[in-house]
Amino acid sequence: MENRDILNESVQDLENSNFSNGIVQDNKLIFTIGDKTYRVRMPIQSEQSSIDHKRNLAQLEYLNQEGCITRKQLTQKLKDLNLFDMDKIESQKNQLIKEFKQAQFILATSSNNSFAIGECKLKIEIIKNELKNIAINTSIQLAPSLESRLEKFIIEYTTFLVTDIQDGKEWKRVWETNEEFQKADSGLVERCAANITWLLLNHQG
Amino acid sequence: MDIIQQIRYLARSAHWQNIYNASKEIGSVQLFENTTNHSGLQSLFLYWVKVYDLLYSELGQKEWRYLDDEVIKDDDRCDAFLYWRGLQRENELNRYKNNQKVNNLNFENPGQVTTFDVDFER
């Protein structure tokens, strides 16, 4: 499966998830795959220390690898090779945000005009999708960079630590060892990683 | 329905609005099981509960011509209204600041004013 497809699937998966009152009552996200119930939770302090430590080790390891490139260097290289122009993408994004605000203004002042409301809502939806595609495309293009690889590493390692499976009334860790995690079904890991990403992004630091 | 939609749906519901308002007056009524260390999702929920509480109270006072029940129920229209409301508030604030500036100018003979009459030292 292409990177883009995996990302699109994960985003769609989150968009379509039917979350209950539970999401506002604690720090965990519960989801089901097939007939099994899983949850991801925020790492506790000792787990967070372990994540930070592993991240530092991974950074040193990546830096010593051949072809290690930072996000800034990669952006410049992609621009020089005419493959991906970040500045152009930024201005495209700014233009879309401007159009988004205009559509919002019209929508806000279009009460009692159901045709205008429908048109504006459609335009807003299109712009939102374009912005989402830009974000996905940018993330794919910058994936080989050191920063993106470290982000991926952190998400995967956090997923390994904080994913639980429901066993009767109890919650147990899905993977006890890193070896088990490495051998795990990639579909399950992708789903868990998507959920933990969402949880981390929405956590107040 | 995505998470944000779900959170907003719950936040504007009569059930959670009532609990939120009751929790302001009665200490024993609380929204969550935990009283501290709120997660991002809980903070997000609190944010939207407050926003909808404000919107319902402004709707009750008929403060805005473009605010009605349908706007509150529709996330896109509600976002658009909040954006427009923000612009109106910003304009009001700028108008107030400009008025303040004019009022702070000191004229010797109000009614017969030239630029030479303005005391820029104040």
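Which residues of helix 8 of chain A are buried?

What we have here is a predicted model, where local features need pLDDT of at least 70, side-chain atom pairs count only at pLDDT 80 or more, and totals for chains, interfaces and linings use all residues. Residues are numbered from 1 along each chain as its sequence is written, and chains are lettered from A and ligands numbered from 1 in the order in which they are written.

Chain A has eight helices and four strands; these are DSSP runs, H or I with at least four residues for helices and E with at least two for strands, numbered from the N terminus. Starting at the N terminus, the order is α-β-β-α-α-α-α-α-β-β-α-α.

Now, burial. A residue is buried if 20 or more other C-beta atoms, placed from the backbone, lie within 10 Å of its own. By that count, 17% of the 205 residues of chain A are buried. In helix 8, the buried ones are A:Arg191, A:Cys192, A:Ala193, A:Ala194, A:Asn195, A:Ile196, A:Trp198 and A:Leu199.

Let's check the length of that helix too. Helix 8 covers residues 186-201, and because its 16 residues should span 22 Å at 1.5 Å a residue, the 22 Å between its end C-alpha atoms agrees. The expected span is 1.5 Å times one less than the number of residues.

Finally, a helix pair. Helix 2 (residues 45-64) and helix 6 (residues 146-162) of chain A pack at about 145°, their axes 10 Å apart. Axes are lines fitted to C-alpha atoms over the stretch in contact, with angles from 0 to 180 degrees between N-to-C directions.

Technical notes:
A residue is buried if 20 or more other C-beta atoms lie within 10 Å of its own, exposed if 12 or fewer, and partly exposed in between; C-beta atoms are placed from the backbone.
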